[in-house]
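Trainee: Please take one single part of this model and go through it closely, giving the cut-offs behind each term as you use it.

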Amino acid sequence: LAESLLLARELPNLGRLVREPKDEGRKLVARALKVVQGHPKLLELAEGQASDVNTLRQHVERAEEAWRHGSEKTQAFFAEGGSRLEAEEFLAVLADWTRSLAAAQPEAARVLFSFLCCLEEGDRQTTVVAAVWPNLWRRLGLAEDPPDIAGAVAPLAAAGLVDAEDVEDGACLYRIHPGVAETGRAEAGDEFQGAVDTELSAFWRAAFAAGWDKQTEGGGGLIVTAALGASPYLLRRRQWRETSTLLEQAIHIDDSPETVASVLPWLRQIVENTKGTDEGLGDLGVLAGALLSAGRWREAERIERARIGRCREVADFRRAASAAGALINILRRTGRAQEALPLVDEKKEYTRRAGLGQWTQLGDEGQRLQVLNSLGQYEEALSGVERLRKEMDGLPEEGDEDEAVTPWNVREGILDVGREAAVRLERWETALMLNAAILASTSARGAPGLEVARTRFNDYGPLLGLRRYDDAREVLGDCRRVFQREQDVRALGAVFTALADLEDERRQHGQAVRFEETALRYSYRAGDPQNCATSHNNLANHVRRAGREQAVALAHRVGAGVIFLQSASGDLRTVLGGLALVFAEAAPELPPMPADFDELCEIVERVPGVRFRELFERLPRTRAETGDEAMQIVIELARHRQRNAGVDHDDTTSTT
């Protein structure tokens with residue numbers, strides 16, 4: 001009550017009535033405060049009507065009628081100084097005031113108000129509104145030319161229905177209270193909402209197409225923005241297939257936690273509505289891919305296994321091959337490459353039965369070599385890549401065969417398998433040669449600068465191995481500038497990890513620690529648990545070599561183990577090897593381990609931006625229900641390895 005009265009005194013229109021010598025103005029304000037009950041939006045609407053006493057009186061009388069059934073509650077506002085009303089009661093009066101105020105507006109203002117209410121909140125800004133308003137006006141079949149937006153919004157702002165907020169470069173944001181917007185949408189009706197959905201989906205599809213055409217000039221961000229912008233409007237129009245396709249492209253470009261969290265509810269809605277259809281099998285695959293990007297691989301795996309079975313039932317071998325390929329990647333990424341190997345042959349059979357061409361068959365063989373890399377069979381993988389290179393060189397990029405893949409994608413993927421195998425075998429010149437071939441392919445097809453930089457980044461490891469430190473620093477500097485310009489947080493984390501490696505090679509261990517701490521902060525910003533764990537383990541190595549406090553190094557190594565444990569990652573063995581080595585060196589004493597999970601969190605979270613406890617809560621409960629339990633499992637596994645002389649002296653985790 002006190003705040004409402006103070007605000008009413010300060011507002012131009014209500015304040016004028018309070019200060020009038022006649023009691024009528026003050027009594028009307030008192031009645032208004034009684035029906036407003038301290039609700040800030042209702043008070044704002046009352047202020048808008050107070051420019052005309054009769055208009056305000058009419059709205060107050062309507063509200064008093066609405067409150068009549070709960071007069072005891074409204075009286076309590078003055079007796080107790082606060083309102084007893086429930087949210088639903090406030091919203092009912094807010095809806096009534098909104099309908100009354102909107103109905104009193106000129107035609108242009110009424111139509112614009114309905115339009116703004118039917119927009120998604122993020123689209124209530126000049127760029128979108130100005131582009132779509134003329135098309136909507138014509139679609140509605142209204143006479144004459146569309147009115148000026150500024151002129152139409154002025155009475156809405158005066159009434160308190162819309163807050164037009166000026167921002168930079170003459171742009172404007174149109175803010176509407178959620179309760180007001182909900183009422184405005186309902187009053188506009190389904191036909192009007194359908195017209196808005198049609199125009200906005202067309203607007204965002206055009207933006208998506210523009211981004212697609214400008215991929216080589218950095219159009220990826222526009223693709224993502226347009227896909228997310230179009231989806232709510234397309235979903236209301238039940239355009240399931242098109243929405244799924246747009247969202248699949250968005251995740252392919254940006255699989256950050258924020259983007260994936262945005263699209264998952266929409267993908268679930270699509271899957272629910274396409275269940276039992278051929279299109280639904282494809283939509284399930286898109287959902288599984290998004291779940292995998294979110295780290296929820298168990299759900300993704302269940303979906304892909306079920307999808308394979310369903311595709312076999314309906315003899316859709318093309319989609320069966322796609323689902324098998326996705327399942328192979330899940331198994332490989334979760335440390336089950338041995339289980340994935342026989343699935344490659346199954347995928348090849350689906351490809352054959354689908355009648356797919358030679359490039360698709362080569363892609364299957366490339367996936368087999370990728371699995372061999374995961375199994376540590378680098379020699380076999382590298383020789384397989386050399387064999388496939390000869391086959392690829394003899395194949396045309398375009399032909400008459402039906403393909404489920406893009407030839408350049410297969411070529412670059414197979415070359416990258418060879419590059420990784422060469423790095424693992426420390427055949428640095430071979431790795432550089434293969435990466436040069438990938439770079440030539442990306443340049444030839446006009447790949448975006450970000451993609452080229454990501455590919456060039458892979459040169460740093462071989463250059464480090466050849467002790468070409470200046471060349472490595474130049475590569476990392478160039479890549480860093482591109483990643484910063486494109487705001488690629490994940491890639492920036494990789495760059496700083498690489499810089500830490502470079503300083504470590506030069507025996508500058510203190511600088512290596514600082515670079516890896518920066519890499520760790522970027523990893524947490526990106527939200528990828530695997531990268532966070534890798535960076536924790538790398539930081540442990542650098543802290544140890546720098547002669548810093550051993551308890552800090554141990555905490556980061558145990559933290560990496562906890563993340564890998566809960567994620568069922570095959571990289572857990574690397575962390576266990578490093579811990580076993582520390583235990584062996586400290587024997588018979590025990591090294592200074594964190595006393596419990598709380599202390600572990602306190603130590604690793606000393607690095608600004610590290611939110612270890614929060615990350616742990618998001619992880620699947622694969623092996624442990626609590627942080628303390630996960631810690632104990634990691635420590636016991638490492639001790640078991642030490643006792644059985646299974647110490648892995650290579651305590652570095654791959655960062656490429």
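Mentor: The second largest pocket is lined by Thr 98, Arg 99, Ala 102, Ala 103, Arg 110, Val 111, Phe 113, Ser 114, Gly 184, Glu 187, Ala 188 and Phe 192, where a pocket is an open set of points on a 1 Å grid over the protein atoms alone, with protein on both sides within 12 Å along at least five of seven lines, and a lining residue has an atom within 4 Å of a point. The model is predicted, with local features needing pLDDT of at least 70 and side-chain atom pairs pLDDT 80 or more, while totals for chains, interfaces and linings use all residues. Residues are numbered from 1 along each chain as its sequence is written, and side-chain values use heavy atoms, without hydrogens or water.

The space in this pocket comes to about 230 Å³, and its lining divides into six nonpolar, three polar and three charged residues. Helix 7 (87-103), helix 8 and helix 11 (178-188) each supply at least two of the lining residues, helices being DSSP runs of H or I with at least four residues.

Phe 113, one of the lining residues, also takes part in a contact (heavy atoms within 4.5 Å) in which Ala 108, Ala 109, Leu 112 and Phe 113 of helix 8 meet Ile 149, Ala 152, Val 153, Pro 155 and Leu 156 of helix 10. The residues of that contact are nine nonpolar, with no polar and no charged ones. The axes of helix 8 (residues 107-118) and helix 10 (residues 149-159) come within 8 Å and cross at roughly 85 degrees, so the two helices are roughly perpendicular, a term covering 65 to 115 degrees.

Definitions and conventions. Axes are lines fitted to C-alpha atoms, for helices over the stretch in contact, and angles run from 0 to 180 degrees between N-to-C directions. Angles under 35 degrees count as roughly parallel, over 145 as roughly antiparallel, 65 to 115 as roughly perpendicular and the rest as oblique. Ala, Val, Leu, Ile, Met, Phe, Trp, Tyr, Cys and Pro count as nonpolar, Asp, Glu, Lys and Arg as charged, and the others, Gly among them, as polar. On a 1 Å grid over the protein atoms alone, a cavity is a set of points where a 1.4 Å probe fits but cannot get out, and a pocket is an open set with protein on both sides within 12 Å along at least five of seven lines; lining residues have an atom within 4 Å of a point. Grid points are joined across faces, edges and corners, and a volume is the space filled by probe spheres set on the points.
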